[in-house]
Amino acid sequence: MRRISTILLLSAALGVAPRALPAQTSASTYLGFDRNTYPGDANLKALRQTFSYAGYWLNSPPGERANSWTGHRAVVQSAGFGFLALFNGRLYAELKTVSNATRLGQADARAAASAAHREGFPKATVIFLDQEQGGRMLPEQKAYIYAWVDGVTAAGFRAGIYCSGMAAADDGNVITAEDIRQNTAGREIAYWVTNDACPPAPGCAFPQNPPGPAQSGIGFADVWQFAQSPRRKDVAAHCSNYSPGDECYPPGIAASQKLHVDVNTATSPDPSHGRDP
C-alpha cells in the first residue's frame with residue numbers, strides 16, 4: 001500500500017540500536033488489512049476469516065489516479081469489518097510555505113470530512129491522515145498536519161495520523177510519530193504507526209493473538225502496521241516469511257490472485273469507530 005519515504009534510511013537498515021519495547025499488555029488485539037486497491041466484493045468473506053477491520057481510502061491512494069474503495073462502505077460493513085478510514089495527505093514538495101501549507105491542510109480537512117460523510121461514516125469516526133514522509137517534520141509539514149487535524153475535528157470527526165514509528169537514522173534518530181505528538185499543543189490525535197522491521201515485527205504473519213500496537217516500540221500507538229507489500233528490502237531484510245515475490249498474501253485466497261495486503265494490529269476490531277452505531 002503506502003510507502004513511508006525511503007529517502008530516510010531507517011535504523012533497522014543501518015544497525016542503529018532499537019529503543020526499548022514496552023511490556024506486552026493483556027488487552028485483546030485484532031488483525032486488520034489495508035491495500036490501495038479495493039479487494040472486490042467476492043473476496044470479503046475469505047478476508048473476514050482472518051481480519052477484523054479494513055483500511056478504507058477516502059481519496060485516491062498514493063500513486064493512484066482514482067479511488068476504487070469509493071461506494072463500498074456498506075458492503076464492507078455488511079461483511080463484518082470494522083474500519084481504518086484513511087485520507088491521503090500532501091508531500092512536502094506540494095506545501096511550499098507555511099501559509100500555503102495551512103490553507104492546503106484546511107482544504108484537505110474539508111475534503112476528508114465531505115468524503116467521510118458521503119461514504120456514510122458516522123460523526124466521531126477517526127480519519128487517519130496518511131503522512132508518507134518520515135523523520136523530523138519541517139515547519140510546513142507541521143502547519144499542514146495540524147491545520148488538517150483542526151479542520152477534521154471542527155467538522156465533527158476525530159483526527160488520526162498514519163506515520164513512521166521507526167527511527168530515521170540519518171535525521172538524528174527522530175521518530176515521526178514522536179515528533180508529531182510532541183508538538184500537538186494539546187490536540188487529540190490517534191496514531192497508526194508503521195514498523196515492518198523484524199524484530200519487532202513478526203513479518204508477513206497472521207497470528208491468532210497478534211502483538212499489541214505498543215510492541216511496535218511506540219507506547220501510545222493505537223494501530224501498528226507490521227507488514228507491508230511488497231517487503232521493503234532496506235528495512236524488512238530480516239523478515240523471512242513473505243512470498244518469493246516479496247508480497248504478503250492473506251490466508252484463504254489463492255496466491256495466483258496476487259491480492260497482497262499490508263497487515264495491522266489494534267486493540268479494537270473497529271479502530272476508526274466507523275461502523276454504524
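## Disulfides and salt bridges in a predicted model

Cys204 and Cys248 form a disulfide, with their sulfur atoms 2.2 Å apart, where a disulfide is a pair of cysteine sulfur atoms within 2.5 Å. The model is predicted, so local features need pLDDT of at least 70 and side-chain atom pairs count only at pLDDT 80 or more, while totals for chains, interfaces and linings use all residues. Residues are numbered from 1 along each chain as its sequence is written, and side-chain values use heavy atoms, with hydrogens and water left out.

**Disulfides**

- By the sulfur-distance rule there are two disulfides, and when the bonded cysteines of the chain are numbered in sequence order, the pairing is 1-3, 2-4.
- The link of Cys204 and Cys248 is right-handed, with 85° about the S-S bond, and this pair joins distant parts of the chain, since Cys204 lies in the loop between β8 and β9 and Cys248 in the loop between β9 and β10, 44 residues apart (helices, H or I, of at least four residues and strands, E, of at least two are DSSP runs, numbered from the N terminus).
- Cys204 is buried, with a relative accessible area of 10%, and Cys248 is buried at 0% (buried means under 20% relative accessible area, exposed over 50%, and partly exposed in between, with a 1.4 Å probe and protein chains only).
- Cys198 and Cys239 form a disulfide with their sulfur atoms 2.0 Å apart, and the torsion about their S-S bond is about 105°, so this disulfide is right-handed.
- Cys163 is in no disulfide, the nearest cysteine sulfur, that of Cys239, being 19 Å away, and Cys163 is buried, with a relative accessible area of 0%.

**Salt bridges**

- Side chains of opposite charge can pair when their charged atoms come close, and the count of salt bridges here comes to eight (a salt bridge is a side-chain nitrogen of Lys or Arg within 4 Å of a carboxyl oxygen of Asp or Glu).
- Lys142 and Asp179 meet in a salt bridge of 4.0 Å, N to O, which links helix α6 (residues 139–154), holding Lys142, to helix α7 (residues 176–182), holding Asp179, across 37 residues; both residues are buried.
- Asp150 pairs with Arg187 in a salt bridge, their closest N and O atoms being 2.8 Å apart, and Asp150 counts as partly exposed at 36% relative accessibility, as does Arg187 at 27%.
- Asp246 forms a salt bridge with Lys233, with the closest N and O atoms 3.4 Å apart; Asp246 is buried, with a relative accessible area of 11%, whereas Lys233 counts as exposed at 57% relative accessibility.
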